[in-house]
Amino acid sequence: MELFGEAEVTYGDISLKADYIRLNYLTNEVYAKGRYDSTAKKWIGRPIFQDGPEKYDTKEIRYNFKTKKGIIQS
């Protein structure tokens, strides 16, 4: 499943907001990224990943809900 725009996914204590989110239920992975607005010359919708009290503002993220491990690019 792919979500565009002001996308948001919540799973238990985990929430993810981004301009683009791709969910793969077969691999239990979520991938999210922002996009660069060349007119405004800034990033829009950068992924914001929150797991309980921990919060990460990233450029890209790949996270596995089953293993609870992820890769963040800032």
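This is a predicted model: local features need pLDDT of at least 70, side-chain atom pairs count only at pLDDT 80 or more; totals for chains, interfaces and linings use all residues.
The chain holds 9 strands and 0 helices. Read from the N terminus, the order of elements is β-β-β-β-β-β-β-β-β. The radius of gyration is 12 Å, close to the 11 Å that the globule rule gives for 74 residues, so the chain is as compact as a globular protein of that length. Along the principal axes, the C-alpha atoms fill a box of roughly 40 × 25 × 20 Å. Of the 74 residues, 30% count as buried. Taking contacts between residues at least 6 apart in sequence, 35% of them join residues at least 24 apart.

The largest nonpolar core has 13 residues, and Leu 16, Ile 21 and Val 30 are the ones that touch the most other members. Two or more residues of this core come from each of strand E1 (2-11), strand E2 (14-24), strand E3 (29-33) and strand E8 (60-64). Strand E2 gives the largest share, 5 residues.

Val 30 shows how these parts of the chain meet. With its neighbours within four places in sequence left aside, Val 30 is in contact with Leu 16, Ile 21, Arg 22 and Leu 23, and also with Ile 61, Arg 62, Tyr 63 and Phe 65. Two of these partners, Leu 16 and Ile 21, are named with Val 30 among the core residues that touch the most other members.

Val 9, in strand E1, gives a view from another side. This residue has a relative accessible area of 13%, which is under the 20% limit, so Val 9 counts as buried. Beyond its neighbours within four places in sequence, Val 9 is in contact with Leu 3, Ile 14, Ser 15, Leu 16, Ile 21 and Leu 23. Val 9 and Ile 21 are 12 residues apart along the chain, and their C-alpha atoms are separated by 8.3 Å.

Elements E1 and E2 each give two or more residues to the lining, and the largest share, 3 residues, is that of E1. Sorted by class, the lining consists of 5 nonpolar, 3 polar and 1 charged residues.

Lys 68 lies in the loop between E8 and strand E9 (69-73). Here the relative accessible area is 62%, over the 50% limit, so Lys 68 counts as exposed.

Two further residues lie within strands. Gly 5 is part of strand E1, which also holds Val 9. At 30% relative accessibility, Gly 5 counts as partly exposed, whereas Val 9 is buried. Leaving aside neighbours within four places in sequence, the contacts of Gly 5 are Ala 18, Asp 19 and Tyr 20. Gly 5 and Asn 64 are 59 residues apart along the chain, with 22 Å between their C-alpha atoms.

Glu 54 is placed in strand E7 (residues 54-57). Its relative accessible area of 44% makes Glu 54 partly exposed. The C-alpha atoms of Glu 54 and Ile 14 are separated by 9.6 Å, and the two residues are 40 apart along the chain.

Key: Residues are numbered from 1 along each chain as its sequence is written. Side-chain values use heavy atoms; hydrogens and water are left out. A nonpolar core is a set of buried Ala, Val, Leu, Ile, Met, Phe, Trp, Tyr and Cys residues joined through side-chain atoms within 4.5 Å. Buried means under 20% relative accessible area, exposed over 50%, partly exposed in between (1.4 Å probe, protein chains only). Helices (H or I, at least four residues) and strands (E, at least two) are DSSP runs, numbered from the N terminus. Contact means heavy atoms within 4.5 Å. Ala, Val, Leu, Ile, Met, Phe, Trp, Tyr, Cys and Pro count as nonpolar, Asp, Glu, Lys and Arg as charged, and the others, Gly among them, as polar. The radius of gyration is taken over C-alpha atoms; the globule rule is 2.2 Å times the number of residues to the power 0.38.
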